Amino acid sequence: MRIENADRFRRYTDAETFDKIVDYGTITAMWKHCAEEYSELTAIEFDGEKYSYKTLDDDAAALRSAIRGAGVQPLERVALIAANSYDFVRAYLAVVTAGCTAVVLPAHLDETAVFGCMMKFGAKALVYQPALEQKTAFAKQRIPQAAFIPADAKGESAVPVYEAAEADPCMIMFTGGTTGKSKGALLNHGAVMQGTVNGCYGYEQVFFHRMLLVLPLSHVFGLIRNLLAALYTGSTLFICKNNQDMFRDIAAFRPTMLVVVPALAEMALMLSKKFGRNMLGPDMKYIICGAAAVAPYLVGEYGKMGIALFPGYGLTESANLVSGNPECAERPDSVGLPYPNQELRIENGELLLRGRNMLDCYVGEDEQAWQDGWFHTGDLARFDDDGFLYITGRIKEVIVLDNGENISPAELEARFNALDFIQDSQVFEDVDEGGRHFLALEVVPRMTELASLGENPMKAIEDALWEVNSKQLPAERVSRIVIRDKDFERSPSMKILRYKKC
Amino acid sequence: MLMTRTEIIEKLKDIIISADSRTAERADSVTEDTNIMQDLGFTSIGMLYIAIAIEEVFSIRFDNVGISDFVTVRNIVDYIEGKLQ
């Protein structure tokens, strides 16, 4: 499927607003436009301070001058380490508008890892948040020829914004490592611009939001969909200093849009139910939800609160956004319509991608990102008749039964997860004492829904699960069901650690 | 808000139960010695839920301290008790 333009999304936005969704080609050109167009508006709120687009532009320009003053040239790589903060934003913009490639390091890296990344990616300089200065010590000692520049540095002479080309490298981001070890994906300006614009399709109010940031800026979902999309749309981004204060920040800031992973959306929903009020505040309109499978239950429950929760799909390698679902109420289990300038193909069930938003390559890895011109996502997918995309599992998780039948556990799990009182489930292959292989199901119930199930909720859950099971194809039916009394083991990124019993 | 230690523990148990999808029977096994992270296996988002719910339920605020700084239920109860005095 080739998607050349955004016309499919036109119907979800009024014509005047839709025509303002303009692609500037590169992030440098985009920032020049934003700094000029939104000059007096507030770009960032952080730690009690407000920073206008003009202030941010001036601060980024001062740091850009310091970077160039340290002898770093356009197209060279500059590592960046900062926690979510105003410092991160000005440092990122300074590095990119200097024409350098930002190597975005996760803020939790220790000093030896910072050194290792600078070596691996050939960084000529490290821009750091002053509060993280101790993380630079080891690298300073070992790479004396590199420049180490605090994010509040100011250069002496003005350096104009570099006029990048679309094919120029923009940034290196670490992948989540779900396909193996974490790798550095190189994204060019065109890819990051496309990823940013993609975030604007599929809903009514596009510009001038009040957005809250709780995701790490070292991840594409935080950096592209939250920060860059906020700047692109003239919105104000409130950066939470401490996620524990998230709901106090929401009460004070009254955001209109939130970008979160499903676990956080679920937590906010649980709190709202427990305390009988909308914890996301009265002005919240949209939740952009992704980075893991989104339960249709979340779409439905937020819908009842008057909040549209849009599931989407993306990867680090695709500059975050591949698709987003503008019809979440009608098709809550879909990750939506593919965004423009991409080609999507399904081969042996696996989703393959290519297009403008895709990475150039992995940096410093033997592993090739491209096979015969396509990026293999490792995700199993299908389209419906209207072109909406559904992710049905991971290729590595496919269970091959004795009879040769291929089963995608995630596809079966989605059917059990569709029950409101099921929070999560896992279908896996087990083996009995006689050596017979069979499918088993374990579920974690959703506590907030148990009260609605009468006097014996466990029995009710079990009956409902067997009922769903009986409607599956014979080869897809499970032979054992266990209702767990605690959550599954999870990876640091909240993904369920799958059983390997066979 | 005046509250006995037993009342604080009961309310805290109620939060712990609602924070994760486990059955009500599990509440009986929660004692002051229970290690929040290790024994109950909460994720970081589960811990965040507990912190926010505690602030709501007890009308207190964690000052310069994160919920992950507490090891046992006793540590949290002590903190809440101190705040309520």
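Predicted model: local features only at pLDDT ≥ 70, side-chain atom pairs only at ≥ 80, totals over all residues.
Which residue in E25(A) is the bridge partner of Ile422(A)? Pro445(A) is.

1. Three strands build an open sheet, ordered E24-E25-E26, with mixed pairing. E24 (422–431) and E26 (480–483) are the edge strands. Each has a single partner strand, so one side of each has no neighbour in the sheet. From one strand to the next, the twist averages 20°.

2. **The E24–E25 pairing.** E24(A) pairs with E25(A), residues 437–445, in the antiparallel sense. The pairing runs over 9 bridges. The link between Ile422(A) and Pro445(A) is a bridge of this kind.

3. **Helices on the sheet.** Helix H12 of chain A, residues 409–417, lies across E24 and E25. H12 runs at about 140° to E24(A). Helix H14 of chain A, residues 457–470, also packs on the sheet. H14 touches E25 and E26, and its direction makes about 145° with that of E26(A).

4. **Helix H10 of chain A: length.** H10(A) covers residues 262–275. At 1.5 Å a residue, its 14 residues should span 20 Å. The end C-alpha atoms are 20 Å apart, so expectation and model agree. Just after the helix, Gly276(A) takes a positive phi of about 65°.

5. **Helix H10 of chain A: burial.** H10(A) is mostly covered, with 11 of 14 residues buried. The buried set includes Pro262(A), Glu266(A), Leu269(A) and Lys274(A). Ala263(A), Leu264(A), Met267(A), Met270(A) and Leu271(A) are buried too.

6. **H10(A) against chain B.** How are two packed helices described? By the angle between their axes and the distance between the axes. H10(A) and H3(B), residues 44–58, pack at about 25° with axes 10 Å apart. An angle under 35 degrees counts as roughly parallel, so H10(A) is roughly parallel to H3(B). The crossing is right-handed.

7. **Who meets whom.** On the H10(A) side, the residues include Ala263(A), Leu264(A), Met267(A), Met270(A) and Leu271(A). Lys274(A) and Phe275(A) take part as well. On the H3(B) side stand Ile45(B), Leu48(B), Tyr49(B), Ile52(B), Ala53(B) and Glu56(B).

8. **Met119(A).** This residue lies in helix H5 of chain A, residues 111–120. Met119(A) has 14 C-beta neighbours inside 10 Å, so it counts as partly exposed. Its C-alpha atom is separated by 43 Å from that of Glu429(A), 310 residues apart along the chain.

How values were computed. Residues numbered from 1 in each chain as written. Chains lettered and ligands numbered in written order. Helix = DSSP H or I, 4+ residues; strand = E, 2+ residues; numbered from the N terminus. Expected span 1.5 Å × (residues − 1). Buried ≥ 20, exposed ≤ 12 C-beta atoms within 10 Å, placed from the backbone. Pairing = 2+ DSSP bridges. Axes fitted to C-alpha atoms, helices over the stretch in contact; angles between N-to-C directions. Contact = placed C-beta atoms within 7 Å. Parallel < 35°, antiparallel > 145°, perpendicular 65-115°, else oblique. Left-handed = near helix turned anticlockwise from the far one by under 90°.
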